Amino acid sequence: GARLVTIFGPGGVGKTRLARPFALDARSRSNGAWFCDLSSAKEERDIPLSMSRALGVPLKKTADAITLLGSALADLGRAIVIVDNCEQVVTAAASAISSWLDAAPEIRFIVTSREILHVAGERTHALDPLPLASDALALFVDRARQVKPDWSPENDPELLASLIEKLEGVPLSIELAAARMRVLDTKVLAERLSNRLAILSSGPRAAKDRHG
């Protein structure tokens with residue numbers, strides 16, 4: 001029932017993945033769901049531009065863009081709007097969303113960010129990295145077997161545990177590392193993870209999509 005829920009946590013922990021299906025499930029109880037991605041926003045004026053694209057509302061050059069979008073949001077009635085990747089413009093995003101909550105009484109927002117907005121009425125949900133010895137390990141094994149079906153995690157459990165520890169329980173890092181098992185064995189991958197950014201950034205293109 002909250003009108004503003006902020007899912008927050010470190011990068012790559014899965015905030016976007018959690019928010020998307022929640023909003024889609026909520027469509028049956030509302031007038032629809034919209035997704036506004038702020039990952040490329042660098043300054044305050046980028047926020048209304050991103051929201052206008054998400055809503056399909058033409059935005060002319062005007063100093064009153066926030067008010068115009070507030071009216072557009074009000075016209076949606078009881079709808080869900082996901083505002084994704086707010087962290088780099090969190091102060092401006094908090095101000096805009098606060099204004100839109102006032103202008104559109106039936107709108108509900110799901111926000112993903114690395115920090116909370118500190119807006120009145122905000123409810124927060126912290127998303128932490130996966131437990132290393134259980135969920136993180138299970139995710140790596142599952143994804144590794146997708147690219148190398150004959151691979152067995154029982155061959156070197158200590159080495160595998162070290163590899164999982166280096167990935168710090170971050171789902172996106174785990175999935176990118178597991179994808180490298182297509183061409184690397186566990187030992188080589190664990191050694192190369194000392195330069196984690198380099199090895200993970202060279203994974204499959206589809207895996208590089210942001211997962212908040």
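This is a predicted model: local features need pLDDT of at least 70, side-chain atom pairs count only at pLDDT 80 or more; totals for chains, interfaces and linings use all residues.
1. A residue is called buried when its relative accessible area is under 20%, exposed when it is over 50%, and partly exposed in between (1.4 Å probe, protein chains only). By this definition both faces of strand β3 are covered: I80, I82 and D84 on one side are buried, and so are V81 and V83 on the other. Since five of the five residues of β3 are buried, the strand is largely enclosed by the rest of the structure.

2. Residues are numbered from 1 along each chain as its sequence is written, and side-chain values use heavy atoms, with hydrogens and water left out.

3. The overall composition is as follows. The protein chain holds nine helices and five strands; helices (H or I, at least four residues) and strands (E, at least two) are DSSP runs, numbered from the N terminus. Along the sequence the pattern reads β-α-β-α-α-β-α-β-β-α-α-α-α-α. Of the 212 residues in the protein chain, 46% are buried. Contact means heavy atoms within 4.5 Å; among contacts between residues at least 6 apart in sequence, 74% join residues at least 24 apart.

4. In general, strands of a sheet pair through backbone hydrogen bonds, either parallel or antiparallel.

5. The individual pairings can be followed residue by residue. Two strands pair if DSSP finds at least two bridges between them. Strands β2 and β3 are joined in the parallel sense over five bridges, and W34 stands opposite V81 in β3. Four bridges join β3 to β4, and these strands run parallel; the bridge partner of I82 in β4 is I110. Strand β1 (residues 4–8) pairs with β5 in the parallel sense over four bridges, where the partner of F8 in β5 is A126.

6. In helix α3 (residues 65–75), the residues A65, L69, G70, A72 and L73 are buried. These residues cover an arc of only 165° around the axis, which puts them on the same side of α3; the arc is that of the directions from the helix axis to the C-beta atoms. The buried residues of α3 pack against α2 (46–55), β3, α4 and β4.

7. How many aromatic pairs does a search of the whole structure find? The search finds two. Rings of Phe, Tyr and Trp (its six-membered ring) pair if their centres lie within 6.5 Å; planes under 30 degrees apart count as stacked, over 60 as edge-to-face and the rest as tilted. W100 and F109 form a stacked pair, 6.4 Å centre to centre with 20° between the planes, and both residues are buried. The rings of F140 and W151 have centres 5.9 Å apart and planes at 80°, so this pair is edge-to-face. F140 lies in helix α5 (residues 132–147) and W151 in the loop between α5 and α6 (157–166), so the pair ties together parts that are 11 residues apart in sequence. F140 and W151 are also buried.

8. A charged residue also meets an aromatic ring. R20 lies over the face of F35, at 3.9 Å from the ring centre; a charge sits over a ring if NZ of Lys or CZ of Arg is within 6 Å of the ring centre and within 35 degrees of the ring normal.

9. Most residues other than glycine have a negative phi. N85, in the loop between β3 and α4, has a positive phi near 65° and is buried, with a relative accessible area of 2%. E168, in the loop between α6 and α7 (171–179), has a positive phi of about 60° and is partly exposed, with a relative accessible area of 48%. G77, which follows α3, has a positive phi near 70°.
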